[in-house]
Amino acid sequence: MNPVTNEIAIEARSLGLGYPGSMQPVLEGVDLSVAKGEFLTILGPSGCGKSTFLRAIADLLPPINGQLSVLGKTAAEARRQREVGFVFQEATLLPWRTVRENVCLPLQVGKGRIAKSVQPRADHWLELVGLADLSDRYPNQLSGGQRQRVSIARALQCEPDILLMDEPFGALDEITRDRLNDELLSIWRRTQATILFVTHSITEAIYLGGRVLVLAANPGRCQALIDLGSLKDENGACRRESPQAQEIAARLRQLLRDGGA
Amino acid sequence: MKRQQLPLFEATILPVAGALSLLVVWEWVLPALGVPAYIVPTPLSVLRTFASEWRGLVQNALPTWYEALLGFFLGNLTAVILAIVFVYSPRVRAAYFPVVLLFNTIPVLALAPIIILVFGLGILPKVVIAALLCFFPTLINMVRGLTSATTNELELMHVLSASGWETFWRLRVPRSVPLLFASLRISATTSVIGAIVGEWIGSDRGLGAVIIQSTFNYQAERLFAAVLLASLSGIIFFAIVGRVERIFHRLATA
């Protein structure tokens, strides 16, 4: 298991989030600290503001009240310093670029821009997600799972301290999803990144997370924060079918039912 | 419904045979039906006229090509620049895009006499008509292309802290290039049409002038030869744009 340090990666204090021009907040009163190196999964019914929370950390949405600090800075500063990577629900690959060129995009724009010979690094990340052989293909020649792997490699290209993932495997079949879950855990162990992972799947939330944050809807708010440490072995892995995992799954299902109304 | 796939041999030979059959009907059946040669000359006599008068025809084609080319560049360049302004300034776009679209509904050919009235009888009015014909398709396609980046793609660029220029160059431009070339291919032929229409109304040089004069003089062979050359010019312009597009793609993917 990654050493969860005392250093704080993300800290929210009575954070309220909403869309500009709308009076109704999407998510309010969020108090949360995420330690560096932690893997936090976020579960909640539709409309509870799971994605909104990630978008605020990525500086895609300004907070309407409260405080949010990312690595001790504002979200905008952390973004500008390339410390936050984002994996969208859809892979969002540029169709006119090959796999390798897509993975190189972060090196061609913004602060991460570097002059030349970026190819070896792109290949390194593609190898990590198991796509080294497909680097010259175009996105439309890949399966959904492969595309999402490319988008993970692209997010890793900036070597972010924080990786935000917004239901990245939501559209994939269960077998592919299980395999990508294992790959993601191994990437997490190797990169030591802090990961916030939004999902609809209780199984996925338990399997991946060191802690699960459960949100409730109407209005969006934090409902529970459950530590999964007791389930995990020294590698941060757990068996999906173990009785303890089943028990926590039942509890999460109940929490989601209560928070959905 | 099952789509029928012809064997390669038939797929190449049939279009040629089809065209030839129509030419044969034109060459021998029309005269046999009593259509006089000063109304519709036969294809062979048109070719003969083309061979004997090609010097004069090409001499008249030169100003037409020149006007079409200038109009092509002027119209497309203005359209691309205006599209960029529209995309980056929502206020300018809100104020002027509807006016431009409304303007587009005026048939440019009907506008031609007014343009001659404003710009006189020189080369300029022909260039302006050709440019106007190129302008609208490119403007509309470019605005569509430049705004076709998805929200996700724009957010990706934001998360990567891409500058405005980088987002333009790495996202909006590649998104609009296929649409730009589509409208450039249309412009390649319409610019020739614009130049010829301009010459109809006020010129003693150019393919348009040859077409009008030979019509009034019942020089049907020359008329048909001029039309043939005008059509060839459009095809050549079209082919050049296609060539440039291929070179561009090769450079872009290198």
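Trainee: Is the crossing of H7(B) and H8(B) left-handed or right-handed?
Mentor: H7(B) and H8(B) cross in a right-handed way. Keep in mind that this is a predicted model.

Trainee: OK, and which residues make the contact?
Mentor: On the H7(B) side you've got Ala195(B), Ile196(B), Val197(B), Gly198(B), Glu199(B) and Trp200(B). H8(B) brings in Leu207(B), Gly208(B), Ala209(B), Ile211(B) and Ile212(B).

Trainee: How many of those are nonpolar, polar or charged?
Mentor: Eight are nonpolar, two are polar and one is charged.

Trainee: At what angle do the axes of those helices cross?
Mentor: Roughly 50°, and the axes come within 7 Å. H7 of chain B covers residues 164-201, and H8 of chain B covers residues 207-216.

Trainee: Why are they called oblique?
Mentor: Angles of 65 to 115 degrees would be roughly perpendicular, and those under 35 roughly parallel. The crossing is at roughly 50°, so H7(B) and H8(B) count as oblique to each other.

Trainee: Switching to chain A: how many helices and strands?
Mentor: Chain A has eight helices and nine strands.

Trainee: How does its radius of gyration fit a compact globule?
Mentor: It agrees: a compact globule with 261 residues would be near 18 Å, and chain A has 18 Å. Its C-alpha atoms fill a box of roughly 50 × 45 × 35 Å along the principal axes.

Trainee: And what share of chain A is buried?
Mentor: Buried residues make up 46% of the 261.

Notes:
Residues numbered from 1 in each chain as written. Chains lettered and ligands numbered in written order. Predicted model: local features only at pLDDT ≥ 70, side-chain atom pairs only at ≥ 80, totals over all residues. Axes fitted to C-alpha atoms, helices over the stretch in contact; angles between N-to-C directions. Helix = DSSP H or I, 4+ residues; strand = E, 2+ residues; numbered from the N terminus. Parallel < 35°, antiparallel > 145°, perpendicular 65-115°, else oblique. Left-handed = near helix turned anticlockwise from the far one by under 90°. Contact = placed C-beta atoms within 7 Å. Nonpolar A, V, L, I, M, F, W, Y, C, P; charged D, E, K, R; others polar. Rg over C-alpha atoms; globule rule 2.2 N^0.38 Å. Buried ≥ 20, exposed ≤ 12 C-beta atoms within 10 Å, placed from the backbone.
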